[in-house]
Amino acid sequence: MAKVEWSSGIDHVSGALSKPGKSGQHSCTKMLLATHRVKPTESADCNRLYLRRKVERSTAPGEDELWARNRFTAVAAAVKTRRKDLSHIASDMQAFEAQKNTAGGKKTMKAYLWLVCGQEYDQAHPRS
């Protein structure tokens, strides 16, 4: 395994360093993925690099996956709209603060809005 010595100011690298591009574009054909182990151990080697080849999907998306994609798209749009809606901001802030420190409460406003908008979507579009 290769050893990497980081330059000063770089503690670690984590995530996709390069991704395979879409067909027809000039890009690499493999994904270069770096991981950084945070848990302390006796080993000093806590960075790893992996190469992953591009994988083509072999099956069409199922009904559940399509439903989840549509729900995600709709809830994301609702959250974006609600964050800017002046008629909801004050009430949302009060409700967020009230639930934030309870068991199971959402710790960020964004997570809270995803919960609220997700519940509204589920009520408006019951799943059969």
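R57 and E65 form a salt bridge, in which the closest N and O atoms are 2.6 Å apart; the term covers a side-chain nitrogen of Lys or Arg within 4 Å of a carboxyl oxygen of Asp or Glu. The model is a predicted one, in which local features need pLDDT of at least 70 and side-chain atom pairs count only at pLDDT 80 or more, while totals for chains, interfaces and linings use all residues. Residues are numbered from 1 along each chain as its sequence is written, and side-chain values use heavy atoms, with hydrogens and water left out.

R57 is partly exposed at 48% relative accessibility, and E65 is partly exposed at 29% (buried means under 20% relative accessible area, exposed over 50%, partly exposed in between, with a 1.4 Å probe and protein chains only). A search of the whole structure finds seven salt bridges.

Another of these pairs is R71 with D122, at 2.9 Å from N to O. R71 belongs to helix α1 and D122 to helix α3, so this pair ties together parts that are 51 residues apart in sequence (helices are DSSP runs of H or I with at least four residues, numbered from the N terminus).

A further salt bridge joins R82 and D92, at 2.8 Å from N to O. R82 sits in helix α1 and D92 in helix α2, ten residues apart. R82 is buried, at 12% relative accessible area, and D92 is buried too, at 3%.

D92 leads on to helix α2, whose buried residues are D92, F96 and Q99. These buried residues pack against α1 (63-84) and α3 (109-124), where contact means heavy atoms within 4.5 Å.

Methods:
Helix = DSSP H or I, 4+ residues; strand = E, 2+ residues; numbered from the N terminus.
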